[in-house]
Amino acid sequence: MAAPLGPSAGGGHRSGRARVAGPDLGRYLGWGLAVAVPLVFLAVFFAWPVVVMVGRGFVTDGRLDLSAFADVFSRPRTWRIVGLTLAQASLGTVLSVLLGVPGAYLLYRCRFRGRGVLRAFVTVPFVLPTVVVGVAFRSLLAPGGLLSFLHLDGTFAAIVAALVFFNYGLVVRTVGGLWERLDPRAEQAARALGASPWRALGTVTLPALAPAIAGAASLTFLFCATAFGTVLVLGGLRFGTVETEIWIQTTQFLDLRAAAVLSVVQLVVVVAALWVAGRARSRNERALSLAAPVSSAHAPSILRRHIDSAGHRPRARVSTGARATGSKGPDDLRGLDRAATAVTAVTVTLLALPLVGLVVRSLRTPDGWGLANYAALSHPAGALPVSVWDATVTSLRVALDATTIALVVGGLVALVVSRRPRAVAARRAVAGLDAVFMLPLGVSAVTVGFGFLLVMDRPFGLAVDLRTSPLLVPVAQAVVAVPLVVRTVLPVLRAIDPRQRQVAATLGASPGRVLRTMDGPVALRAIGLAAGLAFAASLGEFGATSFLARPDRPTLPVLVYRLIGRPGPDTYGMALAASVVLALVTALVVALFERLPRAAGTVV
Amino acid sequence: MRKRALLGALAVPVLAACSAIGAAPAPATTTAGGEITLVTHDSFALSDGILADFTKQTGYTVKVVQPGDAGTLVNQLVLTKDAPLGDVTFGVDNTFASRALDAGVLVPPSPALSAAAVKDGQQYRVPSDTTGALTPIDVGDVCVNVDHAWFTAHGVTEPKTLDDLTQPAYKNLFVTESPATSSPGFAFLLATISAKGDGWQAYWKALKDNGVKVDDGWENAWNVDYTAGGGNGQYPIVLSYSSSPVDTVPKGGTSPTTGALLDTCFRQVEYAGVLAGAKNPAGAAAFINFLLSDEVQNDIPGSMYMYPVSSSASVPDEWAKWAPLATSPRSVPAADIAAHRSEWLQQWSDVVLG
């Protein structure tokens, strides 16, 4: 990266010729580091293993052999699974976004009792082990289940429903993160000029949110396109996707040629999706006027009377005067609020059904109803080496490490990408950097996991076999969490008007000070959200972890997976109880992370 | 300097981290002779304290690595042949044995095994394994199970044989597992290939026409679809293990409510072996001897739901009573499995998933 990426025009304004070289050099170095650290991280822990693994499939007897492409593409099955992958991921994404945006409005733009609990709740599905959710879904849908009358068992619709179940919270959080900070005055101005709330939403608010929505959609698409457990448990091989096919070819057939071709196909699909999302983002991404979260929230109109009497609203009014549009304000939002509340209520109820089913069955024991499954969690289960509590502690520690790594790497990426360099080449490079860090979500965990095995034995001449070392687990999870951090922090950073930074620089603020006073405070709040999401992703990560986790320190999802696969009258109940623990721990931690910046008094 | 704002934001989690990275045990620097690494599948488990006893007896500590199911295990061993993941492996079964042997990832134990149970396992050796690289440790049968309670309640005669399963009386009553994603599922496919020879595809066509349900894995079939699996299942016939009935003895009851159809079983054998290129081959051999000791062999039924090969080991009373091994289980030579695995699975997909 040759060009300085900062809002650079003001670079040489400060007095004193001798000092010019210093800060400039420093800036080059600073930005260089900010680009190099994440790139090296990604290259070593993602690109290298993937390239080596895929390369294995294309090299026969030391020579490049691309005939596998012809073989794989001549199978009708290949085209079918590519089609299914696209259909599944697109439908899952569209539905998640359609349901998630109203959810983001209600949970991040309105204030009501229980909002914090609800925010944490919608994140829970995101971390649950797919095999547990799959079985919980099937228990509802299969003959004999509560929803068997829908006849969805084993259908394509069931898979899409499960994908929405997992990703709804992701959309709510990613979009909500920007929405809660969006200055309501633009919308209010539109309404003061006579626009209906719906029109203001369509012409002012949604376009402003487009970058976050596109970001959430691309994340969701990647998660849906690489869904594995969900697809298998709910649909078997009939609805195989590129991901399940890679898994089968690699772990069961050892057909690395086919797996390599499919990995390339997966990459093409993912890059195309990112390109589309990137275009949607860049068309709409622009400086926005941001406000403190508390100033823009209002009580949803259906709850308003109650909240009024509780005296919550005046605080919002005092803090910014944003409600200056007065009587025409909140009541006018009634239709909007009602629609958002209705959609979200239905969605949350549907989310809750499998979860309630899971909890109920975790309370069923061979002796009738009770807490025996939970009591059993405190000692090593069956012949498993550790208790569920030990695994919980391991998971938390690993997730903390992974979150830390992801915040550093993802924070740097977001910072670099948030800049808009003047030169076209540099601008393209920045966009490319953004896309590259999304790739880990779109590449099969099997490819990455097997790749680790091939390259992490004494990497770079180090005397460590990283393949069987616990060190690699948080790193592998961080690779997956980085894109989540970027997508949460970036829209907020980008929304800062670059002219503000330029003004600050002109007034004599050093680049560091600009960062500290302009980007820092805004980023902090977003980082709370990002940390929660990264933590959740790490807690729930199973794919790559399962290839790496040492059994003397398994993470909670790995333990759940081993429990559910064991015969025995008690182990299934214990697996469910352990999943409930995972859900509760996640909800608690996510809620905590959301409060952190506020508690530290850093909200702008 | 310019990163201070961000770093400030990061300080909280960093401080809170009490870094697990820092707390992780240092990579093994012990000299050969001190530690062995066992690479096994994720169903491997032994009761608390047993691995510690091995350390007490031999001085070797055991590090366990579990990369996935049996297929994943074998494929990882093959891929990492030049830089093996450990010293010894357990869990390669007779359906994957040829792949491991052909790839040359295993070497015969040296020094030669001294455990008395070695001769008991002789009958289960892979015929093509002329050097004795794979040592049989335990065996088990994958069998069709039936819910006695359901058949009694509905006044239907229970099926007994593979052919019965295609009869109209059992339409829409049988749930099995996909051979492409489940190891019992693959074992059952082999049972049908062994029983029906060239007619196996016609047999599966008949099963399909009779409404067989195919799940991706055992946990799904047992917990969701089987009538005796604890859920609200609708299928009283399930593909499981010969040991499964033991888990269906009701509280306070004296006998299980389900049974295994011993005419439908495929015999699985699990092997241990020393990895080629092991850093500690002597320790690896010592561990295989330990796996054949009565202490481990007696623990295998309770921990891994398999039957010991050792004639001096005993199975729990309820196993002896309700979970006998099949007297004439089906089998397919390991070399045939290796040669035809993809082809059979492809044909199976065409017939059943179509």
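**Stop 1: A:Arg458**

Select A:Arg458. It has 13 C-beta neighbours inside 10 Å, so A:Arg458 counts as partly exposed. Remember that you are looking at a predicted model. Now check the backbone: A:Arg458 is not a glycine, yet its phi is positive, about 50°. Follow the chain to either side. A:Arg458 sits in the loop between helix H21 (445-455) and H22 of chain A.

**Stop 2: B:Asn172**

Jump to chain B and select B:Asn172. Here, too, phi is positive, about 60°, and B:Asn172 is not a glycine. Its loop runs between helix H7 (148-154) and strand E6 (174-177) of chain B. Is B:Asn172 buried or exposed? Count the C-beta neighbours inside 10 Å: there are 12, so B:Asn172 counts as exposed. The cut-off for exposed is 12 or fewer.

**Stop 3: a cis peptide bond**

Stay in chain B. Select B:Ser110 and B:Pro111. The peptide bond that joins them is cis, with omega about 0°. To place B:Pro111, look in the loop between strand E4 (106-107) and helix H6 (118-121) of chain B.

**Stop 4: the whole of chain B**

Zoom out and select chain B. Colour by secondary structure to find 14 helices and 10 strands. The C-alpha trace of chain B spans about 75 × 60 × 45 Å along its principal axes. Of the 354 residues in chain B, 56% are buried. Now think about contacts in chain B with a separation of 6 or more. Residues 24 or more positions apart account for 76% of them.

**Stop 5: the two domains of chain B**

Domain 1 covers 34-139 + 268-317, and domain 2 covers 141-266 + 325-353. Their centres, taken over C-alpha atoms, are 28 Å apart. Where they touch, domain 1 gives 14 residues and domain 2 gives 14 residues. Which helix brings the largest share of the domain 1 side? Select helix H5 (residues 97-103) of chain B, which supplies 4 residues. By class, the domain 1 side has 6 nonpolar, 5 polar and 3 charged residues.

**Stop 6: the two domains of chain A**

Move to chain A and colour again. Domain 1 is 1-10 + 371-443 + 467-604, and domain 2 is 66-361. At their contact, 45 residues of domain 1 meet 41 residues of domain 2. Several helices of domain 1 give two or more residues to this side, including H19 (424-436), H22 (472-494) and H24 (511-540) of chain A. Select H27(A) next: it makes the largest share of the domain 1 side, 11 residues. The domain 1 side has 34 nonpolar, 6 polar and 5 charged residues.

**Stop 7: a helix pair in chain A**

Select helix H7 (residues 185-192) and helix H8 (residues 197-225) of chain A. Their axes lie 9 Å apart, and the helices pack at an angle of about 135°. H7(A) and H8(A) are therefore oblique to each other. The crossing of H7(A) past H8(A) is right-handed. Show side chains. From H7(A) you see A:Ala186, A:Glu187, A:Ala190 and A:Arg191, which meet A:Pro197, A:Ala200, A:Thr203, A:Val204 and A:Thr205 in H8(A). This contact has 5 nonpolar, 2 polar and 2 charged residues.

**Stop 8: where the chains meet**

Finish with both chains on screen. How many residues does each chain bring to the contact? Chain A brings 70 residues and chain B brings 66 residues. On the chain A side, 39 are nonpolar, 19 polar and 12 charged.

Conventions. Residues are numbered from 1 along each chain as its sequence is written. Chains are lettered from A and ligands numbered from 1 in the order in which they are written. This is a predicted model: local features need pLDDT of at least 70, side-chain atom pairs count only at pLDDT 80 or more; totals for chains, interfaces and linings use all residues. Two residues are in contact if their C-beta atoms, placed from the backbone, lie within 7 Å. Ala, Val, Leu, Ile, Met, Phe, Trp, Tyr, Cys and Pro count as nonpolar, Asp, Glu, Lys and Arg as charged, and the others, Gly among them, as polar. Axes are lines fitted to C-alpha atoms, for helices over the stretch in contact, and angles run from 0 to 180 degrees between N-to-C directions. Angles under 35 degrees count as roughly parallel, over 145 as roughly antiparallel, 65 to 115 as roughly perpendicular and the rest as oblique. A crossing is left-handed if the near helix is turned anticlockwise from the far one by less than a right angle, and right-handed if clockwise. Domain bounds come from an automatic or database domain assignment. A residue is buried if 20 or more other C-beta atoms lie within 10 Å of its own, exposed if 12 or fewer, and partly exposed in between; C-beta atoms are placed from the backbone.
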